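Here is a short briefing on a structure. Keep the sequence and the 3D view open while reading.

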Amino acid sequence: MRANCWEGAKHLKVETVPDPKILNSHDVIIKVSSTAICGSDLHLFNGFMPTMEHGDILGHEFMGEVVETGKNVKKLKVGDRVVVPFPIACGVCYNCKKGMTSLCENSNPNAHIAEQMMGHSPAGVFGYSHMLGGFAGGQAEFARVPFADFGPLKVPDELSDEKVLFLTDIFPTGYMGAEMCGIKPGDVIAVWGCGPVGQFAIASAKLLGAERVIAIDRFPYRLERARTAGADVTINYEETSVIEALKELTGGRGPDACIDAVGLESHAPGVHGLYDKAKQSMRWENDRIAALRQAIMTCANGGTVSIIGVYSGFADKFPIGSVMNRSLTIRTGQCHVHRYMQPLLERIQKGEIDPSFVISHTMSLEDAPAGFDIFTHKEDECNKIVLKTGMTH
Amino acid sequence: MATQQAPSGTKQNGSNGASRGPVTQGGRNWKDAPEHYSETPDWKDGTTKFLGWFSVGLGLAELLAPRQVAKLVGIEDEDEHVGTLRTFGIREIAAGVGLLTRPKPTYWLWSRVGGDAIDLAFLGRRMRDETENNNNAKLLAATLAVLGVTALDIMQGAKLTSEKLPAQGHDEGSFQLSPGDDGTVHLAAQITVGRPVAEVYEFWKDLGNLPRFMGHLESVRMTGAGRSHWKAKAPAGLTAEWDAETIEDRPNEYIAWHSLEHEAVDNLGSVTFVQAPGDRGTEVHLEMEYHPRGGAVGAKLANMFKKIPQAALSADLKRFKQMMELGEITLSDPTAAKGMQPGQPPKQGDLKD
């Protein structure tokens, strides 16, 4: 089959590789119809995640049709059309039973590697380095999906791929980011990072009743999309001081909750930005936290900082003093997608939201490397790229 | 609650297998665990601390009052060597900070010796240099003082180097177990399994189940009368075989086994089952110990077992948990394949049997 493979930093190649096989009795094989490129894929692309190997298939947002089932699969049948959540979760361990599926205790065969970096291992993930299991990703024609009765969600035929694909990752992630803010009536929420995840966080914050949502980015086209998603005010941090603007917009209090939808490749003008970039280029520091620092420092006393941007290792100059002395709550995590899929599908079916608004480009899987390129450089007003199998260049 | 490292220098509650520490009593409840869990012994003796503070003090003097220091050691033209003395000062402060803050500052002590050599060379040059009008008596006194400190540095450096603890720079928080004086390898790992104690005990009681999740074991056969026959895998396709007997079996609490007296490898293993707090299931605490017995065969086997690191035992227990909770071991494409494999489906012939 054809698959988008990692062959080094900033070097991807669509290659012909063996078809996936059933390895565990609860597996299914999916014929992928649509898949997408995620902002977190860019961290793999740019070489910031350790434990990548040449030949790894990328991609963790995918959907399609079941073509083969393992002998213990009871709920899914050949022919079912499903969306697949990006964390791999068994459904029976302590964390899965608590609904924290991105912390499944049984789905990462390389848990000992993740333990070295993080203390304990999170769940295995599709297409996201050997530290998280080395599972082949979904930017391919076929994909093997473990624990098939617990993960994949059947979707009705009348909803096109474009309307449901983002249930795999970015819609639930944005939603969880907003949910973690604990939004009460009257709350003002600020969101750093107006990519697709930030846009879903903005839309979700409005769905959850935020009084006012402030969106922060530096690209005018993303700020425009943030407005479409529901943001009441936008701030371009290259033109305005975010700290001043947030004070003005909140009568001096600061936002009640701040969402970091930026992650480890945070861009910052000025000296702090240079410091972080220099250290990161020497691999002395994995993660740049300019946006997170700002989110913490501007947050209102007693507020919440909700982190859904992806980080991988260690960062310098974390304002722990500001957090401690001002009773801030930090809530974070890789999205526990499984518990959001059904409720969010229902919102889509009721017409409350049409997730396809984030799509800016549709390409053939064969053009995936080019897609990564325009996505990482934010060219052509790129927002979200959907890759189609069975589509020629 | 968990087992401590066994540095050779410190006391232990007896180092023979049967009566070692709290683990072998079995039936421990997490509530009985000690309140403070100390992983790294405090390394610093008086000499190291003295050298640390001495370095910092001297360094500060050299950095902040280089002219006074120059005069003190007998250098006539203080201004000439201000830059050099300041550099020495920075070096001293760095060494001092290293000595005072690292738990086992072996390399910092040796770096002090290097610094001492530089100091001695510097003082020597000042004594020999005819153009400078230096006070050779004072220089000589300074040289003797530095020699004295050098001797202290070398003594401490040698002392720390010979102690068998993890070298400076290693993460003090992790288990890095090195063989004891007699080559004993002691490993411990633990996991919480979401199944009742009785079920977990039953599964473990049949030691023949161990190879299903323990990577280094090829087979274990119960041969009756509490005896078992073990076969372990070694690198380069070698195997080691030995007989063992179950020395203690307290249902739903504790199982221990020991290789027979005449065997070339002395392997002691024990597993303790504890009710986990709340509804979390069962805690499984596994300990394995390997003593080499004399002779060439014993040494070879000892070397083989030294290569089973802590992490491998932890990984074994994770596979055990998967067996109990899922009924099978979770595979990904690379872990289902023999040998190195990227994150893509393996070819049919590359799958492990």
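A residue counts as buried if 20 or more other C-beta atoms lie within 10 Å of its own, with C-beta atoms placed from the backbone. By that rule 11 of the 12 residues of α6(A) are buried, so this helix is largely enclosed by the rest of the structure. The model is predicted.

**Chain A overall**

- Chain A contains 13 helices and 18 strands.
- A compact globule of 393 residues would have a radius of gyration near 21 Å; chain A has 20 Å, which agrees.
- The C-alpha trace of chain A spans about 60 × 50 × 45 Å along its principal axes.
- Of its 393 residues, 55% count as buried.
- Among contacts in chain A with a separation of 6 or more, 72% come from residues 24 or more positions apart.

**Helix α6 of chain A**

- Helix α6 of chain A covers residues 196-207, 12 residues in total.
- From first C-alpha to last, α6(A) reaches 16 Å, close to the 16 Å expected at 1.5 Å a residue.
- The buried residues of α6(A) include A:Pro196, A:Val197, A:Phe200 and A:Ile202.
- A:Gln199, A:Ser204 and A:Lys206 are also among the buried residues of this helix.
- A:Gly209 follows α6(A) and has a positive phi, near 95°.

**Helix pair α5 and α12 in chain A**

- The axes of α5 (residues 170-179) and α12 (residues 338-349) of chain A come within 10 Å and cross at roughly 100°.
- Angles of 65 to 115 degrees count as roughly perpendicular, so α5(A) is roughly perpendicular to α12(A).
- From α5(A), the contact uses A:Phe171, A:Pro172, A:Tyr175 and A:Met176.
- From α12(A), A:Tyr340, A:Met341 and A:Leu344 take part.
- By class, this contact has seven nonpolar, no polar and no charged residues.

- A:Val125 sits in strand β8 (residues 124-125) of chain A.
- A:Val125 is buried, because 23 other C-beta atoms lie within 10 Å.
- Leaving out residues up to four places away in sequence, A:Val125 touches A:His60, A:Phe86, A:Pro87, A:Ile88, A:Leu132, A:Gly133 and A:Phe135.
- A:Val125 and A:Thr298 are 173 residues apart in sequence and 33 Å apart in space, C-alpha to C-alpha.

**Where chain A meets chain B**

- 34 residues of chain A are in contact with 24 residues of chain B.
- On the side of chain A that touches chain B, β1 (2-6), β4 (56-57) and α3 (111-118) of chain A are the elements that give two or more residues.
- The residues on that side of chain A divide into 16 nonpolar, 12 polar and six charged.

**Helices of chain B**

- The axes of α2 (residues 66-73) and α3 (residues 82-101) of chain B come within 9 Å and cross at roughly 100°.
- α2(B) and α3(B) are therefore roughly perpendicular to each other.
- B:Pro66, B:Arg67, B:Val69 and B:Ala70 of α2(B) meet B:Val82, B:Leu85 and B:Arg86 of α3(B).
- By class, the contact of α2(B) with α3(B) has five nonpolar, no polar and two charged residues.
- Helix α4 of chain B (residues 106-128) has 23 residues and reaches 34 Å from its first C-alpha to its last, close to the 33 Å expected at 1.5 Å a residue.
- Buried residues of α4(B) include B:Trp108, B:Leu109, B:Asp116, B:Asp119 and B:Arg126.

Note on methods: Residues are numbered from 1 along each chain as its sequence is written. Chains are lettered from A and ligands numbered from 1 in the order in which they are written. This is a predicted model: local features need pLDDT of at least 70, side-chain atom pairs count only at pLDDT 80 or more; totals for chains, interfaces and linings use all residues. Helices (H or I, at least four residues) and strands (E, at least two) are DSSP runs, numbered from the N terminus. The radius of gyration is taken over C-alpha atoms; the globule rule is 2.2 Å times the number of residues to the power 0.38. Two residues are in contact if their C-beta atoms, placed from the backbone, lie within 7 Å. Axes are lines fitted to C-alpha atoms, for helices over the stretch in contact, and angles run from 0 to 180 degrees between N-to-C directions. Angles under 35 degrees count as roughly parallel, over 145 as roughly antiparallel, 65 to 115 as roughly perpendicular and the rest as oblique. Ala, Val, Leu, Ile, Met, Phe, Trp, Tyr, Cys and Pro count as nonpolar, Asp, Glu, Lys and Arg as charged, and the others, Gly among them, as polar. The expected span of a helix is 1.5 Å times one less than its number of residues.
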